[in-house]
Every structure is written in C-alpha cells, then in structure tokens.
Amino acid sequence: MSELPELHRAYPRPSAAELDVALARVTSRAAAGVVPWRTLLRVAAMAAGLAIAYGAGFAMGQHRTAGVTQQGIRPPVLIAGPRS
Amino acid sequence: MTWDPQTFEECFRDRYPALVQFLHGLTGDRAAGEDVAQEAFIRLWSRGPTRRPDADYWLFRVARNLGLDWIKTEARRNKRDHLAAETADGPAFDPEDQAQVRRAVTALAPRDREVLLLREFSEMSYEQIARVVGRTVNAVKQDLFRAREHLRRAWQAKCGGQ
C-alpha cells in the first residue's frame with residue numbers, strides 16, 4: 001500500500017483501452033521498423049567506408065602518376081667523350 | 001535472442017501503466033509520458049534484455065534517461081505544459097487537488113522527484129532504484145525521505161490553509 005495515495009490519484013494509470021492502443025502501436029513499430037532499419041544503416045556505413053577507401057586509393061594513384069609524368073623519363077645523356 | 005511476442009505483451013501489460021505514471025510525474029506531461037514509455041518498449045524489443053526482471057530494470061533506466069532528455073528539450077523550447085488533458089479511470093478526485101499534488105511534485109528537486117516516483121509506481125526495491133538512477137542505496141533512501149517530507153508539508157499547508 002502506498003504511503004501517498006493522492007500521488008496515485010494525481011497520476012492515474014492508463015485505462016484498458018489506452019493500454020490496448022499503446023500495445024498495438026508499439027508492436028507494429030517494433031516489428032516493422034526497427035531491426036531492418038538498423039541493418040540497413042550498418043550496410044550503408046560499410047558501403048560508405050569501402051567507397052571512401054577506394055576513392056582515397058584512386059586519388060593517391062592519380063597523384064603519383066601525375067608526379068611521374070611531370071618529371072618525365074629522359075634518355076641518358078652522354079656528357080663525357082670517349083677517352084683518348 | 002529476441003522476445004517471444006506473448007512474453008513481450010505480458011511484460012508490456014504489466015509494466016506499461018507504471019512506466020506511464022512514473023514518466024507523467026517526471027515530465028509533468030501525460031502525452032509525453034505515454035510517448036516516452038512506448039519508445040522505451042520499442043527499444044526493449046530491439047536491443048534490450050529479453051528476460052524479466054532484467055527487462056523491468058532496463059526499461060525504467062532507459063525511460064528515465066529518455067524522460068530527462070525530453071525535459072531538457074522542452075526546457076529549451078520553453079513550452080512546458082504541466083497540466084495536460086488526460087483520461088482518468090481512477091476514483092473521482094478534485095481537479096484542484098490533482099493540480100495541487102502535481103505542483104508539489106514538480107516543485108521537488110529532480111533527483112528527489114525521480115526517486116519518489118520510481119518508488120511509488122515501479123514497485124522496485126531500493127537496490128533496483130539505486131541502479132536505475134546511478135546512486136547508492138543510502139542516497140536513494142535520503143532522497144526519498146526528503147521528497148516525502150516535502151510533499152507532506154505541502155499537503156498539510158494546503159489542508160491547513162483551507
């Protein structure tokens with residue numbers, strides 16, 4: 001028995017009808033949305049990670065290639081003549 | 001591990017009313033109490049413990065945190081409504097008395113209020129309440145004593161003043 005019965009009257013319990021409505025709402029939302037949504041988020045995060053890694057690798061490769069072409073590959077130049 | 005639907009329904013029917021009462025008192029808003037209680041049950045279904053009584057304790061802990069978040073958000077919006085319309089199915093109770101009690105509860109310090117409401121509505125032990133609010137058992141008992149005294153004084157002042 002509560003020491004403060006007026007507290008229970010000030011904050012009444014939900015009625016049976018309210019309880020049924022709330023249960024229907026919770027079970028439909030729980031069954032429909034939550035678990036697939038979380039799985040979807042996880043898959044999306046993995047795909048985003050892979051895409052970022054691929055993009056970073058591609059960009060680095062491009063940068064290196066650009067550096068090499070700028071330097072150019074020159075044929076060896078003969079500076080000294082043949083020894084006499 | 002997932003919930004067996006029938007067990008979940010039993011848990012819901014058993015704990016939802018107390019959760020709504022607790023959250024109504026904590027937030028000061030009946031509709032918010034119902035929304036937060038339902039959100040807590042949805043989280044219980046998807047990621048909470050699938051056995052009782054662990055689920056009971058877990059529910060109140062999550063609901064309390066969600067309720068405190070709601071209070072912070074509402075405080076920012078500055079649109080708090082302490083006396084939401086509601087459908088009472090209990091015994092007849094003077095609306096002015098109801099408002100008086102709610103005002104007294106709202107006037108309590110937040111830590112005292114949550115302990116009082118948990119003790120009154122959740123039927124949890126002091127140890128379980130201490131786990132929910134993250135305090136020691138002795139601290140919980142002190143908070144509860146202070147809250148009850150405050151309410152009694154408020155009630156006596158009201159009755160004496162009439």
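**View 1. Chain B as a whole contains 7 helices and 0 strands.** Helices (H or I, at least four residues) and strands (E, at least two) are DSSP runs, numbered from the N terminus. The order of elements from the N terminus is α-α-α-α-α-α-α. Chain B has 162 residues, of which 50% count as buried; buried means under 20% relative accessible area, exposed over 50%, and partly exposed in between, with a 1.4 Å probe and protein chains only. Contact means heavy atoms within 4.5 Å. Among the contacts in chain B between residues at least 6 apart in sequence, 65% join residues at least 24 apart. This is a predicted model, in which local features need pLDDT of at least 70 and side-chain atom pairs count only at pLDDT 80 or more, while totals for chains, interfaces and linings use all residues. Residues are numbered from 1 along each chain as its sequence is written, chains are lettered from A and ligands numbered from 1 in the order in which they are written, and side-chain values use heavy atoms, with hydrogens and water left out.

**View 2. Helix α2 (residues 30–47) of chain B crosses helix α3 (residues 54–77) of chain B at roughly 135°, and their axes come within 9 Å.** That angle makes α2(B) oblique to α3(B). Axes are lines fitted to C-alpha atoms, for helices over the stretch in contact, and angles run from 0 to 180 degrees between N-to-C directions. Angles under 35 degrees count as roughly parallel, over 145 as roughly antiparallel, 65 to 115 as roughly perpendicular and the rest as oblique. The crossing of α2(B) and α3(B) is right-handed; a crossing is left-handed if the near helix is turned anticlockwise from the far one by less than a right angle, and right-handed if clockwise. On the α2(B) side the contact includes B:Ala32, B:Val36, B:Phe41 and B:Leu44. Among their counterparts in α3(B) are B:Trp58, B:Leu59, B:Val62, B:Leu66 and B:Trp70. The residues of the contact of α2(B) with α3(B) divide into 12 nonpolar, 1 polar and 3 charged. Here Ala, Val, Leu, Ile, Met, Phe, Trp, Tyr, Cys and Pro count as nonpolar, Asp, Glu, Lys and Arg as charged, and the others, Gly among them, as polar.

**View 3. Helix α1 (residues 5–27) of chain B packs against helix α5 (residues 110–121) of chain B at an angle of about 160°, with the axes 9 Å apart.** With that angle, α1(B) is roughly antiparallel to α5(B). Their crossing is right-handed. From α1(B), the residues B:Ala18, B:Gln21, B:Phe22, B:Gly25 and B:Leu26 take part. The α5(B) side is made by B:Arg113, B:Glu114, B:Leu117, B:Leu118 and B:Phe121. By type, the residues of the contact of α1(B) with α5(B) divide into 6 nonpolar, 2 polar and 2 charged.

**View 4. Helix α5(B) is mostly covered, with 9 of its 12 residues buried.** Among the buried residues are B:Asp112, B:Val115, B:Leu116 and B:Glu120. α5(B) reaches 16 Å from its first C-alpha to its last, close to the 16 Å expected at 1.5 Å a residue. The expected span of a helix is 1.5 Å times one less than its number of residues. Just after α5(B), B:Glu123 takes a positive phi of about 60°, although B:Glu123 is not a glycine. Most residues other than glycine have a negative phi. B:Glu123 is in the loop between α5 and α6 (126–133) of chain B, and counts as exposed at 67% relative accessibility.

**View 5. Helices α5(B) and α6(B) pack at an angle of about 135°, with their axes 10 Å apart.** The two helices are therefore oblique to each other, and their crossing is right-handed. B:Glu114, B:Val115, B:Leu118 and B:Arg119 of α5(B) meet B:Tyr126, B:Ile129, B:Val132 and B:Val133 of α6(B). The residues of this contact divide into 6 nonpolar, no polar and 2 charged.

**View 6. B:Val137 lies in helix α7 (residues 137–161) of chain B.** At 25% relative accessibility, B:Val137 counts as partly exposed. Leaving aside residues up to four places away in sequence, B:Val137 touches B:Tyr126, B:Glu127 and B:Ala130. B:Val137 and B:Glu127 are 10 residues apart in sequence and 5.8 Å apart in space, C-alpha to C-alpha.
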